[in-house]
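Please look through the entry below before reading my comments. They are meant to be checked against the coordinates, point by point.

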Amino acid sequence: MTRRQIGPAIAYIVLILGCVIAIAPFIVTILASLKTSGELVRGIFSLPEDAQWKNYVQAWRDGHFGRFFLNSIIVVVGVVIPSVVMSTMTGYAFARFRFRGAGALFAYFLLGLVIPLQALVVPLYYLLREMHLLDSLWALILPQIAMSMSFGTLLMRQAFLSVPREIMEAATVDGASSWTTLWQVMFPLARPMVGTTALMFFIWTWNEFLLPLVVNIDPKYHTLPVGLLYFQQRWTSNIPVIAAGATIIFLPLVAMFLLFQRQLVEGITQGAVKG
Amino acid sequence: MQAPSSNEPGELIAGATSLVAPVAPRRRRGLSGGIEPYLYLLPGFLVFTLFVAIPTVGSIILSLTAWNGVSWDTATFIGLDNYIKAITDHRFQIAFWHNIVLVPYFVLLPLVIGLVPAAVVHQLQLRGARWLQAGLFLPYIMPGVLIGVVWAWILNPIFGPVNKILKQLGFSPPTWLGDFTWALPTVGMIGAWAAYGFCYVIFIAGLQKIPSELYEAARLDGANTWHEFVSVTLPGLRREIAVVLSVNLINALRAFDIIKATTDGGPGDRTQVMALYMINTAFGSRQAGYGTAIAVLLAVITLVGSMLVLRLFGDDDD
């Protein structure tokens, strides 16, 4: 090997190593979820002799992951769709109109980027208690829509600012109302950004842990992350079933990741501004 | 006409205005729509105000009271006492110190592990690296609880694979997360593992924006790879380094999910951190006022820390 090839060769090895270290825990977890406890003791990298799907049945039914999964889906849908619609509207207002207080209102919406959930979770808990929303999925959906507004407004405003204004003017000349222009002309043009925004909302909501931990004590309203935590504490040594539960949480994320990798990188780069 | 494909905030806005400028030079951008813009803002404004703004103000007020969190009439105004109590509270001091100890693990380690390969991939123009990038940032999108649960198993002293292998090799490994000395560094390493792919992705994105002429010029000057790294790559990535530093710092100071799922602050208080102590105080020991004061301190410390980083490493209006 010549000197010119050694550098890249080492670089590739380091990169592949970094990649392996990043994904190995997930691979090992999937493998563990399909083994018996006995098999697991013998080796963690080996393939399961006979896939133990019953681990999933056990996690899904006895571990209530079925319920947690359903709750997570309801909360994600209940957060992502209204958040996208509402940030489309706020982003559009800031991008298209000139109005009194626009600057101050925009700054107000962006405040959410610097205020972490931890800073407001205690009063939020008592607010939800007063509203009789504790131990319900509403306690997860409503605050998370609110917390999505800052990032959503920021991104959607950018998206609409990038649409050439002639397009919008043409629609206005045609007599379309601003509402029609928004949903029939602007929204389709902003679709890449809408996708990125929705994807980030999905991941944040799917992964949210502190809020459900605090506001919902009743296991009936647990989402996957909190469900996994309590499940792990109760079943400490039954690794294959815990691994099955863990796999149920991360497979949807992996699927999203494989389908929308480009938007995801975009979102992560943009999302860096969100604290 | 096509919308510009770039989604960089600065470029987008610049692009949009440059598109507008030649067409309508005298016209200010935006229509005045009377009441319309306010109607568009209304739903978002209401939900944001109710569930973010009001609780934030509530935090400040609550932090000035002594309250057990049960019925409102038991709350009493005590001024800044909660803050004074926090500063002199030994357990809070320990928690704060542990957050500081986590900083090298959560901030510097992933920065270096992410920066070096990113620079190498870019400078040597490695092919196929895009494909590896996918695997690298997978941990970053995973829930902290999941990361905690998986690592708690992998590092479990009795049935975890790591210690099994180490024992076979003749070592006598510590119990990691259960060990008084090792627990905090172990949590730190898990945090570093979760973050390095994120740093890599941000740096790779930033490197695309460095004009290749700069590298060519450096090469003409006889620069080797190291010189290119120091004189072109590092200065070109200044903004990204600032972003990564501040995001990682925020994660170190607010650390909660991974710690809750691995050690829950233990053994003893060896991995106690501010966020965990805040939740336990506010809800566990029913000191809502005091817990909220800790939450406000946590938010302020985080904000000051990240502003400081952005100030020190961010661009000074170049």
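Predicted model: local features only at pLDDT ≥ 70, side-chain atom pairs only at ≥ 80, totals over all residues.

1. For the complex, the predictor reports an ipTM of 0.92 and a pTM of 0.89.

2. Confidence in chain B. The mean pLDDT of chain B is 85. Of its residues, 88% reach 70 or more. Helix α1 (residues 9-23) of chain B has the lowest confidence in the chain, with a mean of 34. The highest is in α2(B), at 96. Residues 1-28 of chain B have a pLDDT below 50. Even so, the model gives this stretch 28 contacts beyond near neighbours in sequence. Please treat those contacts with care.

3. Make-up of chain B. The chain has 318 residues, and 45% of them count as buried. Its secondary structure comprises 14 helices and two strands. Among contacts in chain B with a separation of 6 or more, 72% join residues 24 or more positions apart.

4. The interface. How many residues of chain B are in contact with chain A? The count is 87 residues of chain B, against 80 residues of chain A. On the chain B side, helix α2 (residues 36-62) of chain B supplies the largest share, 17 residues. That side of chain B has 68 nonpolar, 15 polar and four charged residues. Helix α2(B) is also where confidence in chain B is highest.

5. The nonpolar core. The largest nonpolar core holds 178 residues. L146(B), V149(B), C199(B) and I294(B) have the most contacts inside it. Helix α8 (residues 183-207) of chain B gives the most to this core, 16 residues. Domain 1 (1-52) and domain 2 (62-271) of chain A both contribute residues, so the core lies between them.

6. One core residue in detail. I294(B) is among the residues with the most contacts inside the core. Which residues is I294(B) in contact with, leaving aside its neighbours within four places in sequence? They are A86(B), F92(B), M274(B), Y277(B), M278(B) and T281(B).

7. Domains of chain A. Chain A is divided into domain 1 (1-52) and domain 2 (62-271). Their C-alpha centres lie 33 Å apart. Direct contact involves 10 residues of domain 1 of chain A and eight residues of domain 2 of chain A. On the domain 1 side, α1 (3-33) and α2 (37-42) of chain A each supply at least two residues. The largest share, five residues, comes from α1(A). By class, this side of domain 1 of chain A has four nonpolar residues, five polar and one charged.

8. P240(A). This proline is found in helix α13 (residues 239-259) of chain A. Is P240(A) buried or exposed? P240(A) counts as buried, because 24 C-beta neighbours lie inside 10 Å and the cut-off for burial is 20 or more. Leaving aside neighbours within four places in sequence, P240(A) is in contact with A32(A), S33(A), K35(A), T36(A), S37(A), L40(A), Q52(A) and N55(A). P240(A) and A102(A) are 138 residues apart in sequence, and their C-alpha atoms are 55 Å apart in space.

9. A cis peptide bond. The bond from G266(B) to P267(B) is cis, with omega near -5°. P267(B) sits in the loop between α12 (257-262) and α13 (274-284) of chain B.

10. Positive phi at H64(A). H64(A) is not a glycine, yet its phi is positive, at about 60°. H64(A) is placed in the loop between α3 (54-61) and α4 (65-96) of chain A. It counts as partly exposed because it has 19 C-beta neighbours inside 10 Å, and burial would need 20 or more.

11. Positive phi at H132(A). Phi is also positive at H132(A), about 55°, although H132(A) is not a glycine. The loop between α6 (117-130) and α7 (138-161) of chain A holds this residue.

Technical notes
Residues numbered from 1 in each chain as written. Chains lettered and ligands numbered in written order. Contact = placed C-beta atoms within 7 Å. Helix = DSSP H or I, 4+ residues; strand = E, 2+ residues; numbered from the N terminus. Nonpolar A, V, L, I, M, F, W, Y, C, P; charged D, E, K, R; others polar. Buried ≥ 20, exposed ≤ 12 C-beta atoms within 10 Å, placed from the backbone. pLDDT = per-residue confidence, 0-100. Domains from an automatic or database assignment. Core = buried A, V, L, I, M, F, W, Y, C linked by C-beta atoms within 7 Å.
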